[in-house]
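Please look over the sequence and the structure shown here, and then read the briefing that follows, which takes the topics one by one.

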Amino acid sequence: MTAQITAAQFHAADGVEDWRSLYHLVSTHFPTGSLTKGIALVDEIGRLTDETQEQYLTVDLRGTGVTVSLSRRDISLARRISAAAKDLGIPADPTAVQLINVTLDALAGADVLPFWQALLGYRQIGDDYLFDPSRRGPGFGLQPMDESRPQRNRMHLDIAVPHDQAEARIATALAAGGTLVSDAHAPRWWVLADAEGNEACVATWLGRE
């Protein structure tokens, strides 16, 4: 089994220009324009993965395109998928990928996590994170609080976007009526809010290594 690598190590590798790190994964999107071309690409991905031992692979087939996510350690498979798409005449559009988590502030995470696990039907990773075993829904995480904050929303969205798209996404959100709450941790994450103060974070892999 190949050891886990950092996002920086993944992006420093040759032949992975089609892919972007989103938290613990790397993803890309192939706009096919038709279901027929998408099925052809998925068939090729299936053939390629028969020869690998990757631990994480998701393929989302839609009428307009195919989105693929891998573990960062699967550099070789990422290259082969990109090459297969190129051979089929399908370009990659990594600007189209994102990963969304719902994050809840909690004083005693161990007390509330079992409720959310039962309610969502999710599985637990570590002490503070739940994931959808079908890999369709967003992740659900807990963020510890030192004291109650009744004047602040305790649930927000974390949106991981390609590192080269973060500033454009933030600018679009600000132009749509949002405000910048904090950029103290940028480029790892920015905190934004809508006109009523509901917060969300835009995150990248930069600053995580």
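## Briefing on a predicted model

Glycine 38 is buried, with a relative accessible area of 0%, where buried means under 20% relative accessible area, exposed means over 50%, and partly exposed lies in between, as found with a 1.4 Å probe and counting protein chains only. The structure is a predicted model, in which local features need pLDDT of at least 70 and side-chain atom pairs count only at pLDDT 80 or more, while totals for chains, interfaces and linings use all residues. Residues are numbered from 1 along each chain as its sequence is written, and side-chain values use heavy atoms, with hydrogens and water left out.

**The protein as a whole**

- The secondary structure comes to five helices and twelve strands, where helices (H or I, at least four residues) and strands (E, at least two) are DSSP runs that are numbered from the N terminus.
- The radius of gyration of the protein is 19 Å, close to the 17 Å that the globule rule gives for 209 residues, so the protein is as compact as a globular protein of that length; this radius is taken over C-alpha atoms, and the globule rule is 2.2 Å times the number of residues to the power 0.38.
- Taken along the principal axes, the box that the C-alpha atoms fill is roughly 55 × 40 × 35 Å.
- Of the 209 residues of the protein, 37% count as buried.
- The protein exposes about 11600 Å², of which carbon and sulfur atoms supply 51%; accessible areas come from the Shrake-Rupley method with a 1.4 Å probe, and for residues only the protein chains shown count as cover.
- Among the contacts in the protein with a separation of 6 or more, 64% are accounted for by residues 24 or more positions apart, where contact means heavy atoms within 4.5 Å.

**Helix 2 against helix 3**

- Two packed helices are described by the angle between their axes and the distance between the axes.
- The axes of helix 2 (residues 35-49) and helix 3 (residues 75-87) come within 10 Å and cross at roughly 145 degrees; axes are lines fitted to C-alpha atoms, for helices over the stretch in contact, and angles run from 0 to 180 degrees between N-to-C directions.
- On the side of helix 2 the contact is made by Leu41, Glu44, Ile45, Leu48 and Thr49, and on the side of helix 3 by Leu77, Arg80, Ile81, Ala84 and Ala85.
- By class, this contact has seven nonpolar, one polar and two charged residues, where Ala, Val, Leu, Ile, Met, Phe, Trp, Tyr, Cys and Pro count as nonpolar, Asp, Glu, Lys and Arg as charged, and the others, Gly among them, as polar.

**Buried residues and their contacts**

- Glycine 38 has its place in helix 2, and, leaving aside neighbours within four places in sequence, glycine 38 is in contact with Thr32, Leu61 and Val66.
- Glycine 38 and glycine 63 are 25 residues apart along the chain, and their C-alpha atoms are separated by 7.2 Å.
- Phenylalanine 10, in helix 1 (residues 7-12), is buried, with a relative accessible area of 0%.
- Leaving aside neighbours within four places in sequence, phenylalanine 10 is in contact with Ile5, Val16, Trp19, Ser21, Val26, Arg72, Ile75 and Ala78; from phenylalanine 10 to arginine 72, 62 residues apart in sequence, the C-alpha to C-alpha distance is 6.4 Å.
- Threonine 204 is found in the segment after strand 12 (199-203) and counts as buried at 4% relative accessibility.
- Not counting residues up to four places away in sequence, threonine 204 touches Val161, His163, Ala166, Pro187, Arg188 and Trp190.

**Loops and backbone details**

- Proline 187 lies in the loop between strand 10 (179-182) and strand 11 (189-193), and the peptide bond from alanine 186 to proline 187 is cis, with omega near 5 degrees.
- Histidine 185 is found in the loop between strand 10 and strand 11 and is partly exposed, with a relative accessible area of 42%.
- Tyrosine 23, in the loop between strand 1 (20-22) and strand 2 (25-31), has a phi near 55 degrees, a positive value in a residue other than glycine.
- Arginine 135, in the loop between strand 7 (129-131) and strand 8 (139-144), has a positive phi of about 60 degrees although it is not a glycine, and arginine 135 counts as partly exposed at 42% relative accessibility.
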